[in-house]
Amino acid sequence: YGFINTCLKSLVVEKYGEETWEKLRLQAGVQDSFLTFEVYKDEITMQLVDKACKILGMSADMVLREFGEYFFEFCKHSGYDHMLRTLGGNLYEFIENLDALHSYLSLSYQAILVLFVFPQEMNAPSFRVEKNEDGSMHLHYYSDRRGLCHIVPGIIGAAALDFFNIEISMEIVNQTEEEERTGKKEHIVFLVTQNPVFSYKERKKFSSSPQHLADSEKQIENQLNKEDLEKAKNTIRGRGSSVCPVKKSHWKTIRGIITLGKGKLLRGFDPVYPKSLWIDTKTFCNGLPFHMVFDKEVGQACVKQAGVSIQKIVPGLQTMGICLDDYFSIVHPEVPFTISSIQKFINSQFVFQTRREMMPESWKQRPMLELRGQMIWMESLQCMLYLCSPLLRTLHELEERQMHIADIAPHDVTRDLILLNQQRLAEMELSNQLERKKEELRILSKHLEEEKKKTEALLYAMLPQHVANQLKEGKQVEAGEFKECTILFSDVVTFTNICAQCEPIQIVLMLNSMYLQFDRLTTVHDVYKVETIGDAYMVVGGVPVPVPTHAERVANFALGMIIAAKGVQNPVSGNPIQIRVGIHTGPVLAGVVGEKMPRYCLFGDTVNIASRMESHGVPSKIHLSSSAYQCLKYKNFEMIERGEIEVKGKGKMHTYFLIRNKTATENEIMGRP
């Protein structure tokens with residue numbers, strides 16, 4: 001489910017950052033987010049784990065273990081803390097009840113969240129735990145999915161530390177193909193050893209004095225009155241093996257007394273059983289309508305007794321002594337139908353499913369009935385008791401099997417579970433729909449943000465960014481005066497003649513080819529493109545952001561224009577086109593003109609003189625005014641004097657030609673690597 005992949009994403013983002021997750025998911029080829037209750041293929045998760053190993057430089061074992069530890073915390077923060085804490089009073093009970101938790105979740109959520117595994121057809125793993133005499137445990141882990149066993153130490157270790165304040169070490173002692181279970185399952189056996197976790201002060205106290213424990217024993221023993229001690233010993237002995245099943249040392253006895261004094265240890269309990277069972281067979285079979293008793297004869301499980309409701313559904317059970325294996329198959333745990341196999345998983349919940357071929361004709365078109373319950377071995381009778389209930393999640397499933405609430409015993413909580421789960425599933429469906437809508441809104445928001453960036457990029461291409469932002473905010477943009485800037489004009493030589501001899505589309509293609517290169521150069525040299533009118537191209541340096549190097553930037557841009565123009569072909573002659581370039585430096589007034597198609601325009605005599613420099617220029621030359629020359633005079637540019645010329649509307653002016661930049665190469669001018 002998406003819950004697993006969401007957890008993996010959260011782990012990577014929290015510990016390694018958003019960039020690492022983005023890199024990981026792109027390499028794995030998966031989406032950025034996952035719906036909690038959506039089913040995803042196992043391959044997606046495995047691909048994420050594989051790429052995480054490569055990107056993080058960690059082994060698969062380490063990644064899975066870290067994921068296991070994080071997954072435990074993720075489950076707690078996702079609302080499952082209370083459920084996990086109440087599984088057992090110690091680590092043994094916690095592990096022993098994991099299968100029951102899986103069973104409940106698959107029932108309550110229609111298998112919407114299976115913990116501790118990556119789901120594949122909602123087939124959860126199975127756990128079996130055995131206590132050893134030395135206090136260690138053997139944890140048997142069964143799973144359909146190979147290579148994920150290293151998640152288990154991460155999860156179990158985190159649970160042990162959080163819930164029971166113990167540190168554990170888990171070591172794989174056996175790894176085989178499971179033979180005791182039907183179907184091919186990976187069977188991993190872990191040796192679990194545990195040690196108590198002491199606080200910092202306790203650790204320091206123990207480590208500072210090796211004799212601390214022995215001294216404490218003597219101190220406590222001296223404090224206890226001998227008479228009280230003897231009386232307490234007799235009390236403990238009198239309570240039988242239910243309290244102290246193993247012979248204790250002198251120190252353990254004292255410690256037990258102290259624990260008793262603190263109220264931690266309750267009085268021992270010995271159940272009382274009647275001499276004979278005060279219930280008749282008929283009442284038992286009616287009161288527990290879903291139960292079966294079977295034993296083993298010639299290796300097969302033979303039915304000795306069955307409840308009335310299960311007889312009604314499976315009439316074949318009315319013939320006592322039939323083989324149970326003929327009418328039912330074991331769905332969970334996947335073990336053969338033998339007493340010896342069932343005894344190994346006696347603490348697991350067992351799920352039986354009716355066999356279609358053995359059902360009455362009226363049942364064959366319905367979904368098969370599943371039963372869920374516990375196995376109890378009756379040693380004196382050498383028989384197995386299966387106490388069970390119908391495995392039904394919703395009223396719809398009840399109706400599909402043409403059953404009624406009345407078929408379930410009044411004391412059976414399955415009645416309440418079906419009704420409550422019906423409401424719960426409706427709430428979950430609503431939650432699922434809301435999550436889908438949330439994801440759709442997230443995607444739409446992302447697309448909107450992308451479109452917004454495109455719009456802003458287009459707007460910033462037409463207007464300076466700070467001006468565009470002021471207009472977006474509805475503010476009026478005030479005109480600004482710039483005391484010194486450098487303006488450039490250029491045009492195409494004999495453009496009028498070219499237009500007269502060519503198709504309009506050829507002119508458009510020629511100008512577009514040229515302007516694309518010029519536009520790139522504005523970025524290279526950080527000058528502002530004011531406008532283009534026909535073949536005229538206008539840029540400015542030092543506006544809208546004043547800079548002291550405005551003249552050098554425009555000069556380098558002009559040199560780049562001359563080089564770029566040589567690569568654009570004249571559609572009439574086939575030769576490279578020629579351009580004239582004029583540059584002038586002086587003060588200007590700049591502001592936004594108009595509301596529809598607003599433009600950032602420059603005003604002042606500097607604009608006119610720059611235009612005159614271009615119109616009175618020479619093909620493939622860069623014409624400079626005297627003020628532009630003065631700005632570039634000591635800036636490593638080679639310039640030659642043109643002399644005085646008559647300029648329309650200005651009279652005589654002393655002008656110059658810009659030849660080259662003495663320190664920059666052609667590649668640097670053009671912005672090439």
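**Figure 1. Salt bridge between Asp491 and Arg580.** In this predicted model, the side chains of Asp491 and Arg580 meet in a salt bridge with an N to O distance of 3.1 Å; the term denotes a side-chain nitrogen of Lys or Arg within 4 Å of a carboxyl oxygen of Asp or Glu. Asp491 belongs to strand S11 (residues 480-492) and Arg580 to strand S14 (residues 579-593), so the pair ties together parts that are 89 residues apart in sequence. Strands (E, at least two residues) and helices (H or I, at least four) are DSSP runs, numbered from the N terminus. Both Asp491 and Arg580 are buried; buried means under 20% relative accessible area, exposed over 50%, and partly exposed in between (1.4 Å probe, protein chains only). The model is predicted: local features need pLDDT of at least 70, side-chain atom pairs count only at pLDDT 80 or more, and totals for chains, interfaces and linings use all residues. Residues are numbered from 1 along each chain as its sequence is written, and side-chain values use heavy atoms, with hydrogens and water left out.

Figure 2. The whole structure holds 25 salt bridges. Asp81 is partly exposed at 24% relative accessible area, and Arg85 is partly exposed at 40%. Asp81 and Arg85 also belong to a network of salt bridges that links them with Glu73, Lys76 and Asp162. Lys454 counts as exposed, with a relative accessibility of 56%, whereas Glu451 is partly exposed at 43%.

**Figure 3. Residues 420-458, annotated as a coiled-coil region****.** The annotation comes from an unreviewed UniProt entry; UniProt positions are given in the numbering used here, feature names are shortened, and annotations may be inferred rather than shown by experiment. In the model, this span is 100% helix and 0% strand, and its end C-alpha atoms lie 57 Å apart.

**Figure 4. Aromatic cluster of Phe294, Phe328, Phe337, Phe352 and Tyr386****.** A search of the whole structure finds 18 aromatic pairs, in which rings of Phe, Tyr and Trp (its six-membered ring) have centres within 6.5 Å; planes under 30 degrees apart count as stacked, over 60 as edge-to-face and the rest as tilted. Phe328 and Phe352 form a tilted pair, 5.9 Å centre to centre with 40 degrees between the planes. This pair links strand S7 (residues 328-332), which holds Phe328, to strand S8 (residues 350-354), which holds Phe352, across 24 residues. Both Phe328 and Phe352 are buried. The ring centres of Phe352 and Tyr386 are 4.3 Å apart and their planes stand at 35 degrees, so this pair is tilted. Tyr386 lies in strand S10 (residues 383-390) and Phe352 in strand S8, so the pair ties together parts 34 residues apart in sequence. Tyr386 is buried, with a relative accessible area of 0%.
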